Amino acid sequence: MRAFAELLDRLVYTPQRNAKLRLLTDYFRATADPDRGYALAALTDGLSLRLPVRRTILELMERRFDAELFRMSRDYVGDTAETVALVWPAPPVAEPRSPLPLGEVAEQIRLMDRKQLPEQLENWLDRLDTTERWALLKLLTGALRVGISARLAKTAVAEIGGHSVAEIEEVWHGLDVPYTTLFAWLEGKASQPDAAGAPVFRPPMLAQPIEEADWAALDLADFALEWKWDGIRVQLAAARGEARLYSRTGDDIGMAFPDILVHARFDAVLDGELLVMRDGEVAPFNDLQQRLNRRQVTKRVMADYPAHVRFYDALLIDGEDLRALPFSERRRRLEAWHATIRPALTDLSEQLRVATKTDLDALWSGARAAEIEGLMLKKLTSPYLAGRPKGHWFKWKRAPLTVDCVLMYAQRGSGRRSSYYPDYTFGLWTEAGGRDELVPVGKAYSGYSDAELVELDRWIRGHTTERYGPVRAVEPGLVLEVLFDDVQRSRRHKSGVAMRFPRIARIRWDKPAREADRLEQLTALIKPLA
Amino acid sequence: MTHGHSDHARPGHDAVLATPETIEIMQSRLGNGAGRTRQALGYGDALKIGDVTVTLRPAGHILGSAQVVIDYRGQRAVVTGDYKRRTDPTCTPFELVPCDLLVTEATFGLPVFRHEPDTREIARLLASVTAFPERTHQIGVYGLGKCQRLIALLRKAGYDRAIWLHGSMIQLCALYERLGVPLGDIRAVADATSSLAGEIVLSPPSALGDRWSRRLADPVTALASGWMRVRGRARQRGVELPLIISDHVDWPEIIQTIDETGAGEIWVTHGREEAVVYQARKMGRRARALALVGREDEVE
């Protein structure tokens with residue numbers, strides 16, 4: 001527990017991704033099996049357990065500690081598990097303590113039934129120090145919440161053997177806790193684990209944003225053209241009577257989409273877009289959000305937000321790996337397969353045809369009017385490559401919208417940016433009670449250069465009117481030209497609007513705040529509800 | 001004056017009675033504001049004031065810190081001032097004085113406060129320096145006491161590289177050295193010719209994550225304080241490496257002191273009095289909170 005507790009303790013306080021990665025990699029290198037495997041499980045899919053831990057902790061505390069002192073301590077700390085870790089009256093033990101390996105704890109947790117829990121938990125708490133107790137209680141109460149995504153943990157593991165995270169993802173869903181075969185492979189002691197025909201996740205191929213130079217070099221005859229759909233990228237994998245739906249990062253999101261899985265009675269791994277569809281029309285992204293991030297889904301929600309998968313590529317069909325084939329061939333196989341199987345709630349992403357670049361330009365320019373996110377250009381000869389390879393797939397998002405806003409609040413950054421104010425809340429003018437006032441419409445923390453960040457920092461410090469902890473309110477004196485992809489109605493915001501992907505295009509040092517845009521100009525851009 | 005911290009040793013006092021070290025510290029920090037008359041009293045020297053005898057005994061808090069022992073007609077009161085019971089290479093260790101009335105501080109007077117051994121915290125710091133050699137480790141410390149103790153602890157752990165200091169700490173470190181506390185190779189950050197990657201820098205907590213630290217190499221921000229025991233406090237300060245190093249007694253040590261002095265009457269002040277009073281009464285002592293003109297020791 002010692003090393004694992006130290007790791008969690010560092011991760012909790014570390015804001016920077018690279019620093020987290022370093023801590024994780026160091027841990028996985030220095031720790032033996034099976035401890036590191038259980039740590040990896042805890043950091044990714046969690047050690048699932050159904051034990052009444054919280055209640056047991058409180059019952060133990062009642063027996064072992066003064067209730068009044070516990071109340072005072074709990075009030076001060078604000079978190080029950082942390083308070084227990086801090087005040088637990090462990091009997092004095094000889095230094096050095098006999099270690100309690102994470103592997104031993106994790107294995108016990110899997111075998112234990114609820115009757116054994118109180119005694120086992122008490123025994124552990126007595127044997128551990130403060131930080132270890134805190135880590136144990138985090139482990140037992142489910143979510144670690146140390147600011148680590150499953151993908152970051154996998155990336156760290158991959159670095160042990162100098163592999164890419166894609167190679168880990170490729171085998172991940174065929175592995176078992178505590179991942180000894182995975183570590184053996186990464187350390188060069190065994191061959192790559194084999195998923196053996198299970199419906200596992202394969203790392204997806206991603207597109208790059210198209211740049212001026214790409215556009216100039218582009219020969220239309222070499223590319224397939226599709227709409228860019230406004231859903232989420234998914235992989236539907238089915239084999240041997242099992243089906244899984246994965247997100248782009250390899251999270252299994254199938255439990256929220258039984259309606260899709262029930263029809264996946266085939267042997268294939270397919271790439272596509274998850275959408276909500278009504279009467280053949282793609283519903284706004286907001287509707288899809290009602291289905292995401294759920295552990296379960298009701299019939300009612302499934303009926304109100306009908307899910308649909310629109311395929312655009314095939315990685316495997318009937319056990320045959322198609323990824324080395326050119327896109328044109330994979331597409332042909334996908335069409336033939338779909339025409340035969342015809343799984344319900346799916347279709348194929350249409351292939352668009354244009355004769356000239358001028359036509360392509362026109363198609364792109366019409367994307368917003370057609371309520372489409374943009375275009376995808378896929379090289380006909382490209383194999384299916386994991387990651388974001390250069391020069392194969394391009395995404396060409398519709399032109400963003402812009403609005404001139406007034407800076408209202410700035411918030412302190414963290415980590416590398418902790419001495420700056422890199423997070424901006426901006427507003428637009430609107431009339432209230434007979435005079436104009438600013439109402440906040442959004443927040444942005446990107447789109448400026450390092451030099452601009454320094455200039456903004458100076459301006460903010462010089463024009464602060466009030467401070468609330470890490471936030472400064474500033475005089476209405478600086479105009480920001482804000483880019484955004486879309487705007488929707490929102491009941492959660494005072495302004496009644498929510499912008500999608502807002503970022504700063506330019507700082508308008510020249511423009512008087514009075515001449516910034518009005519809220520009405522922004523609300524006019526909201527599409528009427530279908 | 002029990003010790004030289006600025007929440008006690010404020011400028012503009014009329015008559016000051018303190019240990020010679022505390023008087024030196026006050027003069028260094030306050031100059032002419034260090035009291036109109038200054039009377040030095042060494043540890044263990046008795047001073048008669050009418051029927052009362054006053055003696056100063058080491059409190060182990062910082063250099064020169066003292067408990068005040070007041071004897072009157074066979075009765076003894078001890079005012080601890082700020083104190084700790086762990087070994088500190090920069091000051092004389094706490095001396096237990098049996099008494100009838102104990103006036104104890106309670107900065108960390110809650111069972112949640114149990115300080116880690118300082119060797120362990122220093123080991124964590126040095127492990128982090130090894131793990132992030134391209135970054136500066138910037139440690140927020142109180143300039144008097146904590147600063148010099150941290151340097152001394154690093155030296156004890158075998159760290160003999162230069163330790164870099166914020167300008168405000170130079171003068172007090174020089175004073176410590178003059179009073180016989182060696183600190184090794186210490187230098188001013190202002191004299192550095194690089195961004196101090198891989199080095200340890202000590203600064204006041206207020207300089208953490210502020211403009212002053214922009215000169216440092218992507219600093220790992222650390223803070224050495226007993227408050228770091230509680231995660232919410234550490235997160236509030238945006239600290240990346242909280243070091244639980246305190247110059248005050250923790251909860252078990254407060255209880256231990258109440259017990260060992262044998263005092264029948266306990267007055268509790270400076271901090272979380274409620275829990276200590278509750279605990280002392282459970283131990284069969286008369287106890288009450290002593291409401292002094294308040295202060296909350298923010299960075300200790």
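**Chain B and selected features of chain A**

Modeller: In this predicted model, chain B has a radius of gyration of 20 Å, which agrees with the value near 19 Å that a compact globule of 300 residues would have. Along the principal axes, the C-alpha atoms of chain B fill a box of roughly 65 × 45 × 30 Å. Of the 300 residues in chain B, 59% are buried. The contacts of chain B can also be sorted by sequence separation: among those between residues at least 6 apart, 62% join residues at least 24 apart. The secondary structure of chain B comprises seven helices and 15 strands.

One of these helices is α2(B), residues 118-131. Its 14 residues reach 20 Å from the first C-alpha to the last, close to the 20 Å expected at 1.5 Å a residue. Helix α2(B) is mostly covered, with ten of its 14 residues buried. The charged residues Asp118(B), Arg120(B), Glu121(B) and Arg124(B) belong to this buried set. It also includes Ile122(B), Leu125(B), Leu126(B), Val129(B) and Ala131(B), and Ser128(B) is buried as well.

Two residues of chain B deserve attention for their backbone. Asp218(B) is not a glycine, yet has a positive phi of about 40°. Asp218(B) is found in the loop between β11 (200-203) and β12 (220-224) of chain B. With a relative accessible area of 18%, under the 20% cut-off, Asp218(B) is buried. His270(B), also a residue other than glycine, has a positive phi near 55°. His270(B) lies in a strand, namely β14 (residues 265-271) of chain B. The relative accessibility of His270(B) is 18%, and His270(B) therefore counts as buried.

Turning to chain A, helix α1 (residues 2-13) and helix α2 (residues 17-30) have axes that come within 10 Å and cross at roughly 175°. An angle over 145° counts as roughly antiparallel, and α1(A) and α2(A) are therefore roughly antiparallel to each other. On the side of α1(A), the contact is made by Ala3(A), Phe4(A), Leu7(A), Arg10(A) and Leu11(A). These residues meet Lys20(A), Leu23(A), Leu24(A) and Tyr27(A) in α2(A). By class, the contact of α1(A) with α2(A) has seven nonpolar, no polar and two charged residues.

Chain A also contains cis peptide bonds. One joins Asp33(A) and Pro34(A), with omega about -5°. Pro34(A) lies in the loop between α2 and α3 (35-43) of chain A. Another cis bond runs from Val177(A) to Pro178(A), where omega is near 5°. Pro178(A) is placed in the loop between α11 (165-172) and α12 (180-186) of chain A.

Further along chain A, helix α19 (residues 450-462) has 13 residues. From its first C-alpha to its last, α19(A) reaches 19 Å, close to the 18 Å expected at 1.5 Å a residue. The buried residues in α19(A) are Leu453(A), Leu456(A), Asp457(A), Trp459(A), Ile460(A) and Arg461(A). Their cover includes strands β12 (401-411), β13 (423-432), β15 (464-468), β16 (471-474) and β20 (503-508) of chain A.

Methods:
Residues numbered from 1 in each chain as written. Chains lettered and ligands numbered in written order. Predicted model: local features only at pLDDT ≥ 70, side-chain atom pairs only at ≥ 80, totals over all residues. Heavy atoms only, no water. Axes fitted to C-alpha atoms, helices over the stretch in contact; angles between N-to-C directions. Helix = DSSP H or I, 4+ residues; strand = E, 2+ residues; numbered from the N terminus. Parallel < 35°, antiparallel > 145°, perpendicular 65-115°, else oblique. Contact = heavy atoms within 4.5 Å. Expected span 1.5 Å × (residues − 1). Buried < 20%, exposed > 50% of the residue type's maximum accessible area, 1.4 Å probe, protein only. Rg over C-alpha atoms; globule rule 2.2 N^0.38 Å.
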